[in-house]
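Student: I am new to this structure and would like a close look at one part of it. Could you take me through the side-chain pairings, and then show me the sheet?

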Amino acid sequence: METDSAVDTTESNASHKINKYPDLECVGVIYGNVGTTSFNCRATGNMERLQYVQVEHETDGWVLGIVSEMERKTDLSIERAKMVSEGEVVPIEEKVTAKVDIIGFRDERGLLQTPRTPFRAGDLVYKAKDTLIKDVIGLKERTDTGAYIGLLLGHDIRVEIDINALVQKHVSILAKTGGGKSFLCGALIEELMKHDVTVLIIDPHGEYGSMREKGSIPQTTRNFEVTPRGYADKIIEFATDTNVNKNAIPLKFTLANLEARDLLSLTNIKNVRAYLTSLRKAIDSVRSIKKEYTLKDIINVLEADEETQNAALIAELEYLDEINIFAAKGTRIDEIVVKGKTTIINLKGTPPDIQELVVNRIATALFELRKVGKIPPMMLVVEEAHNYCPQQGLAASSKIFRTIASEGRKFGLGLTIISQRAAKVDKNVLSQCNTQMILKVTNPNDLKAIAASVEGLTAGLADEIQRLPIGVALVVGGNIQMPLLVEVRPRESKHGGESVEIVPSKRV
Ligand SMILES: Nc1ncnc2c1ncn2[C@@H]1O[C@H](COP(=O)(O)OP(=O)(O)OP(=O)(O)O)[C@@H](O)[C@H]1O
Ligand SMILES: [Mg+2]
């Protein structure tokens, strides 16, 4: 093995350092100046970035660290590199070095500590044992309240997030489009269903109904111990448009508490004032005869009024009526929320402004009813959250999401926010999501928004988010005290968010 001056000196100081622990695999030796939060080591065995390592501290015992950077140092100069290109045989001396960030150890009270004195140069660095990793990181496997989302990157250690913490602390799942958000969210919902947690999913693309069906698990080298199954017995699906979503129950709203201004805001009418009075009058006149009324009733009154120019308003209301979500009798919330079941609100095929209205109505009802204990504690999952609680501008549902984000936990109403644009989600909402699951993100603004919101994120890990392969998530929060890289487990049920192939790929 070639030597370098740093290792030479350390070796002379610690000439008797031989591996005292034959059951551990020695992967490096500490060299150079040694800090208390990180150190450099020379790689002498199999070492890779993001690998966990352990070093014995003179007073604190085994301490866990993670390889944050690696470098191959060589003595090949630019001039000699040219000689290589010209076919000459040039001897190259190289050494692989690594920077290790110290994570810490558990003291006798079980608290996470970091050593207060540095390790010694010449100390041996070992590949970390799973037992130490679990103990220091605080991972418990196969617990009664754990949601199993995947394996710790590179290790056969299950990462389980405590379901109570999930509901109490809110969740965000962020990644660029195609990054695997819906896939991971589906895995999380499977766990919630298994634990009989009540869930409601706002599903703008109609992706979640496929969870009724059994999935197929691809053959990989990793054994995630997942058995395919469908969840048809747990799922209730409502849709705003049952023409395109045939398996769903129609979702209907009454017009009873919608005032003229609200109704106008759902139309394309810009000049609201021009129609406000006549619409108000029409609504009042319908209300004076009927408690339960439809858009048709309002349209009839407007049509009967020949003195006012109402044609544009009538056309807009007819368009709204075609969307078919208003009815004399609305869907009751106790039909929508059923204890221990997962309800999908499928909004596929419904215009965005109507979606906002639906989401606002449902979220408001959940919050109000949860406050008085009329519905069970539950999790509200919101896909494409940037549309329903945007950072810029207002959606009909902006206000209720702020309220749920800040007060929901008090009442056992958990929120899971999913978005491909972290920077476009209302910060007041996102900042309340204390369990964060981040997959690959490349947009600089989104990366900035994420780096600012994740606690304990080192610069190295923040940088890592851009390079995450599909299927690997950075997870922190709840019972996970430090950011962890998790290989997301395969789905038990069928994933509905497959990308559509425009040109079919050739099968071989
Ligand atoms: N953990 C995983 N294991 C295997 N395949 C995965 C995993 N995560 C995602 N995929 C695959 O990647 C594709 C995109 O995943 P997904 O639909 O979850 O992305 P998304 O982030 O929700 O995208 P969008 O923003 O378009 O909704 C899917 O076809 C899915 O099969
Ligand atoms: Mg998706």
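Tutor: Here is a walk through the charged pairs, the aromatic pairs, the cysteines and then the sheet.

This is a predicted model, in which local features need pLDDT of at least 70 and side-chain atom pairs count only at pLDDT 80 or more, while totals for chains, interfaces and linings use all residues. Residues are numbered from 1 along each chain as its sequence is written, chains are lettered from A and ligands numbered from 1 in the order in which they are written, and side-chain values use heavy atoms, with hydrogens and water left out.

Let us begin with charge. A salt bridge here is a side-chain nitrogen of Lys or Arg within 4 Å of a carboxyl oxygen of Asp or Glu, and the count comes to 34. One of them joins glutamate 259 to arginine 287, at 3.2 Å from N to O. This pair links distant parts of the chain, 28 residues apart: glutamate 259 sits in the loop between β13 (249-250) and α6 (260-265), and arginine 287 in helix α7 (residues 272-289). Helices (H or I, at least four residues) and strands (E, at least two) are DSSP runs, numbered from the N terminus. For accessibility, buried means under 20% relative accessible area, exposed over 50%, and partly exposed in between, with a 1.4 Å probe and protein chains only. Glutamate 259 is partly exposed at 40%, and arginine 287 is partly exposed at 27%.

Another salt bridge brings aspartate 321 and lysine 296 together, their closest N and O atoms being 2.9 Å apart. Aspartate 321 lies in helix α9 (residues 311-323) and lysine 296 in helix α8 (residues 295-304), so the pair ties together parts that are 25 residues apart in sequence. Aspartate 321 is buried at 18%, whereas lysine 296 is partly exposed at 44%. Salt bridges also link Glu190, Glu191, Lys194, Arg489, Arg491 and Glu492 in a network.

Now for the rings. Rings of Phe, Tyr and Trp (its six-membered ring) pair if their centres lie within 6.5 Å; planes under 30 degrees apart count as stacked, over 60 as edge-to-face and the rest as tilted. The structure holds five aromatic pairs. In one of them, tyrosine 21 and tyrosine 126 have ring centres 6.0 Å apart and planes at 85°, so the pair is edge-to-face. Tyrosine 21 is in the loop between α1 (5-13) and β1 (26-31), and tyrosine 126, 105 residues apart from it, is in strand β7 (residues 124-127). Tyrosine 21 is partly exposed at 22%, while tyrosine 126 is buried at 4%. Together with Trp62, Tyr21 and Tyr126 form one aromatic cluster.

What about the cysteines? A disulfide is a pair of cysteine sulfur atoms within 2.5 Å, and the count is zero. The sulfur of cysteine 26 is 9.2 Å from the closest cysteine sulfur, in cysteine 41, which is too far for a bond.

Last comes the sheet. Two strands pair if DSSP finds at least two bridges between them. An open sheet of twelve strands runs in the order β9-β8-β19-β18-β17-β10-β16-β15-β11-β14-β12-β13, with mixed pairing. At its edges stand β9 (158-162) and β13, each with a single partner strand, so one side of each has no neighbour in the sheet. Strands β12 (residues 235-239) and β14 (residues 342-346) run parallel and are joined by five bridges. Phenylalanine 238 stands opposite isoleucine 345 in β14.
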